[in-house]
Amino acid sequence: MELNKLVEIQRDFSERAFPEFWRISDRRDLVLRVEYLSNALAGEAGELANVVKKIVRREVYGGPGEPLEGAVDKVEEELTDVFIYVMTMAALLGIDLEKAYFRKLKANEERFLRPSR
Ligand SMILES: [Mg+2]
């Protein structure tokens, strides 16, 4: 399945689940929705970092936490939450994530695979 199809599916879900969120009447409303999604994305990234922190605390520092193998499900869950907000923000702003990804990949190839001599 293509990424933009996933974005479409996520938008459809979000519009059905949170119709008030998608009732955007002016520019200020739009900016507030962008702010909300940005905060939500950062929150999920924080949850992911917390899961990883507990893995590191256990594996590296011998403190309480979980071994990597036992925490992959939690990493998967938080990573998916991040992905959901990435897709929702792309849908809100009409960003073509596939196109943006390939543009970035090309730039990274230039940067990391063909460093200037
Ligand atoms: Mg989460």
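1. Just after α3, Gly94 adopts a positive phi of about 65°. Helices here are DSSP runs of H or I with at least four residues, numbered from the N terminus. A word on the source: this is a predicted model, in which local features need pLDDT of at least 70, side-chain atom pairs count only at pLDDT 80 or more, and totals for chains, interfaces and linings use all residues. Residue numbers start from 1 along each chain as its sequence is written.

2. Helix α3 covers residues 68-93, and its 26 residues should span 38 Å at 1.5 Å a residue; the end C-alpha atoms are 36 Å apart, which agrees. The expected span is 1.5 Å times one less than the number of residues. There is also a kink of about 30° in α3, centred on Lys74, where the bend is the angle between axes fitted to the seven residues ending there and the seven starting there.

3. Which residues of α3 are buried? They are Tyr85, Met87, Thr88, Ala90 and Ala91. A residue counts as buried with 20 or more other C-beta atoms within 10 Å of its own, as exposed with 12 or fewer, and as partly exposed in between, the C-beta atoms being placed from the backbone. The buried residues of α3 pack against α1 (3-17), α2 (27-59) and α4 (97-113); contact means that two such C-beta atoms lie within 7 Å.

4. Thr88 deserves a look of its own. This α3 residue is buried because 22 other C-beta atoms lie within 10 Å. Leaving aside residues up to four places away in sequence, Thr88 touches Gln10, Ser14 and Leu37. Its C-alpha atom is separated by 20 Å from that of Lys104, 16 residues apart along the chain.

5. Now to α2, whose 33 residues should span 48 Å at 1.5 Å a residue; its end C-alpha atoms are 48 Å apart, in agreement. Leu37, Glu44 and Val51 are the buried residues of α2, and they pack against α3.

6. How do the helices pair up? Two packed helices are described by the angle between their axes and the distance between the axes. The axes of α2 and α3 come within 9 Å and cross at roughly 165°, so the two helices are roughly antiparallel (over 145 degrees). Axes are lines fitted to C-alpha atoms, for helices over the stretch in contact, with angles from 0 to 180 degrees between N-to-C directions.

7. α1 and α3 pack at about 85°, with their axes 9 Å apart. That makes α1 roughly perpendicular to α3 (65 to 115 degrees). Leu6, Val7, Gln10, Arg11 and Ser14 of α1 make the contact with Ile84, Met87, Thr88, Ala90 and Ala91 of α3.

8. Last, a loop residue: Arg23 sits between α1 and α2. Arg23 is exposed, since 10 other C-beta atoms lie within 10 Å. The C-alpha atoms of Arg23 and Arg33, 10 residues apart along the chain, are separated by 10.0 Å.

Definitions and conventions: Parallel < 35°, antiparallel > 145°, perpendicular 65-115°, else oblique.
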